[in-house]
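Let us work through a structure by question and answer. Have the sequence and the 3D view ready.

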Amino acid sequence: MNSDKSAYWNPYLAGFVLGLVLLATFVIMGRGLGASGAMMRTVTYAVDTISPEHVDNNIYFAKYAGGDKNPLSNWLVFEVVGVLLGGLLSGLLAGRLRLQTDKGPRISKRGRWGFAFLGGGLMGFGARLALGCTSGQALSGGATMALGSWAFMFTMFAAAYVVAWFFRKQWL
Amino acid sequence: MSAPFYKYDFFGFETGLLIAFIIGILFGFTLERAGFSSSRKLALQFYFRDMTVLKVMFSAIVTAMIGVLLLNLADILDISKIYLNPTFLGPQIGGGVVMGIGFVIGGYCPGTSLVASAIGKIDGFFYIAGALVGMVVFAEIYPLIADFTQSGGMGDATLGNWLGLKPGIVAFLIIIMALAMFAGSEVLEKRFGGQVAAGGNGALANASEPVEEPAPAE
Amino acid sequence: MQEYTITSGRNMAHIDPTLSIWGWEVPVYLYLGGLVAGVLFFSALYFIRGKADEMPTVVRVTPLLAPILLGLGLFTLFLDLEYKLHVFRFYTNIRLESPMSWGSWTLAAIFPLSLLWAAIHVGKVFPKWRWPFGWMDRMVAIAETYARPIAWSLIVYSVILGIYTGILLSAFNARPIWNTAILGPLFLASGLSTGLALNMLFSKEKNELHLLGKIDVMTIAVEVFLIIHMFMGFLASAEIHIQAAGLFLGGPFTASFWVFVVALGLLVPLLLELLELRGRIAATKIPALLVLAGGFFLRYIIVEAGQVSTWGL
């Protein structure tokens, strides 16, 4: 594709390939891609290991792991194992595998870690509320033209643009 | 029609998991190649400096959408058997707002945080830890907000039946909108400093000590 | 403690139709046994070939871990025994037809040998090492004069140990998925591969790492070949074996076996090692870690599947 090892793909080409992967998923499985669902199942598995009673007594956890159900025996969980491997292979082949922190020049590493944790927390909460994340709602739901997915996508981007100014120190 | 293959019993649940793994590899590889393993590259989207997120997402949505419609026209793919995200406007708009804020603060979305972590991004690790905690919090307070999570329910609503238009027309409008946004993105990137993040987060430069950039245009 | 009185060969609690006796302990023991066999085999081999100075990790460093890992393995096996105080009974008889008897006697030989072997090398790895008692110095000095015979017996016993971890399972002829002679060589190959991987984790020498990578590529290739043959053997066999293979070909173990054992434990590290050897990607510890994890999953999943696998149709 691109002869320069360190460069990213052209965005339109990457989007086209991503679209083909999504299309293949529709054709083979009759469902879309996802990510946050697998995270939910992982954390449910952890809670289920520590306290199975707690999982059975919480109606939300119980959906994933009530009784004898194994929350990890799931399509999205195996998809995410693949995502981790695919990302690793791409990073290795491009020479991008390295412990590092992404941030703007005006924030400390620790500051960035704190924001990443906080932002992750909001995203984790929001993704459960919105019944999916950028992959499961915006991408997969967007391509099937689901009304709620488009409503989700536009609110998410709108909210991000509205608050972006307040967090410019982290990135610019 | 014989697709989606899984719904027509070409293979079972366990084999489906195996396919999930393979599709996941392709998904993760593409996300990383698109540059989505860098939080800064993702976040610069919100300052009009690097519009990669928008370009990739809409090219992908348009590609998959056209593919689904064409395969359906060719009598290969049965659209009614594809999972359609149900519409609950309340939680989806509410969740959208929370996630939009979380995106700017955290710099990733859940899927991209996974590929970032896979290549050693420390902020990706913290993001995932945060997301897992956020999900536990959600599960714990779910009984209190259960009503809200069901609000604005419209079942299997699509853009087409909401607007009263045929799917083909809606797809056409989405393509026009995507092309307009692509054109707009190119203009914005030229105006606001273009590809600053692309080089800064590649293998050559250390992303934690990026090169000096011009002050934000305000 | 409960005892079962068995009056019929069918419908025995915990045994028929499906076995549900072995948890994590047995796979951990089989895994550590194979790992130690791999470590000791390559250590003794390269010692005999006079490569102690060129390959210090393989010959001297990781063997120091062998008695510890073997001790841990034996401890988990001990945890699994229902009648812990009866352990001595393994050593009151020799039964050539029983793999458990073979195993007990092999362990009785290789464990002290691995201790001696570690004692010989510990002083070279840690130059400041001093034995607390004079008689220990003298013993190690005597052992050093017999280093070559010890190395030869380690090679023999480590191969037996590696094969035994698989034969232990194949001797259960009532468990079709275990009842294949390929498990012996497969577990030996996997043990050698995990042993190499442990060396790759610790080694800092470029030449040593390069050689380890090359051998590991071959070992993994052998493993893949054996796994393919195992399934061809099952599918060409009686109905009962075809059903057993079905556990991995569409059945409940399909995804976990092919994803975690074959893909992540064998094919991905094979690919990464090949790319590393050709200088296409930077050398990392990732393939070694994947091989070590995959070796455990192989044993865990085979032990689990074997307990589900049954002659009852």
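Buried area is the accessible area (1.4 Å probe) that two parts lose on being put together, summed over both. The model is predicted: local features need pLDDT of at least 70, side-chain atom pairs count only at pLDDT 80 or more, and totals for chains, interfaces and linings use all residues. Side-chain values use heavy atoms, without hydrogens and water, residues are numbered from 1 along each chain as its sequence is written, and chains are lettered from A and ligands numbered from 1 in the order in which they are written.

Q: How much area do chain B and chain A bury between them?
A: The size of an interface is often given as the accessible area lost when the parts come together. Of the area buried here, 76% is on carbon and sulfur atoms. In chain B, the residues that lose the most area to chain A are R33(B), I105(B) and M135(B), together 7% of what that side buries. The total for chain B and chain A is about 11,600 Å².

Q: How many residues of chain A are in contact with chain B?
A: Contact means heavy atoms within 4.5 Å. Chain B brings 138 residues to this contact, and chain A brings 121 residues.

Q: Which residue of chain A forms a salt bridge with E32(B)?
A: A salt bridge needs a side-chain nitrogen of Lys or Arg within 4 Å of a carboxyl oxygen of Asp or Glu. Between chain B and chain A the count is three salt bridges. In the one formed by E32(B), the closest N and O atoms are 2.7 Å apart, and the partner is R96(A).

Q: Which helix gives the largest share of the side of chain B that touches chain A?
A: Polar contacts (a pair of N or O atoms within 3.5 Å; within protein, one must be able to donate a hydrogen and the other to accept it, and residues adjacent in sequence count only if both atoms are side-chain atoms) join 38 residue pairs across this interface, both residues at pLDDT 80 or more. Helices here are DSSP runs (H or I, at least four residues), numbered from the N terminus. With 23 residues, the largest share of the side of chain B comes from helix α6 (residues 122-149) of chain B.

Q: Which three residues supply 86% of the area that chain B buries against chain C?
A: Chain B gives five residues to this contact, and chain C gives 11 residues. They bury about 550 Å² between them. There are zero salt bridges between the two chains. The three residues are E14(B), L18(B) and F21(B).

Q: What is the volume of the largest cavity?
A: Rolling a probe the size of a water molecule over the atoms shows where empty space is left. On a 1 Å grid over the protein atoms alone, a cavity is a set of points where a 1.4 Å probe fits but cannot get out, and lining residues have an atom within 4 Å of a point. Grid points are joined across faces, edges and corners, and a volume is the space filled by probe spheres set on the points. The structure holds three cavities of 30 Å³ or more, and the largest has a volume of about 130 Å³.

Q: Which helix gives the most to the lining of the largest cavity?
A: The lining has 14 residues, with T134(A), L31(B), F36(B), M57(B) and C109(B) nearest the centre. At least two residues each come from α7 of chain A and from α1 (13-33) and α3 (52-73) of chain B. The most, three residues, come from α7(A).

Q: Which helix supplies the largest share of the lining of the second largest cavity?
A: This cavity has a volume of about 60 Å³. Its lining includes S190(C), E223(C) and V291(C). Four residues, the largest share, come from α11(C).

Q: Where is L131(A)?
A: L131(A) is among the lining residues nearest the centre of the second largest pocket. Phi of L131(A) is near 65 degrees, a positive value in a residue other than glycine. Its place is in the loop between α6 and α7 of chain A.

Q: Which residue does a cis peptide bond join to A3(B)?
A: Most residues other than glycine have a negative phi, and most peptide bonds are trans. At this cis bond, omega is about 0 degrees.

How values were computed:
1 Å grid on protein atoms, 1.4 Å probe; cavity = no way out; pocket = protein on both sides within 12 Å on 5 of 7 lines; lining within 4 Å.
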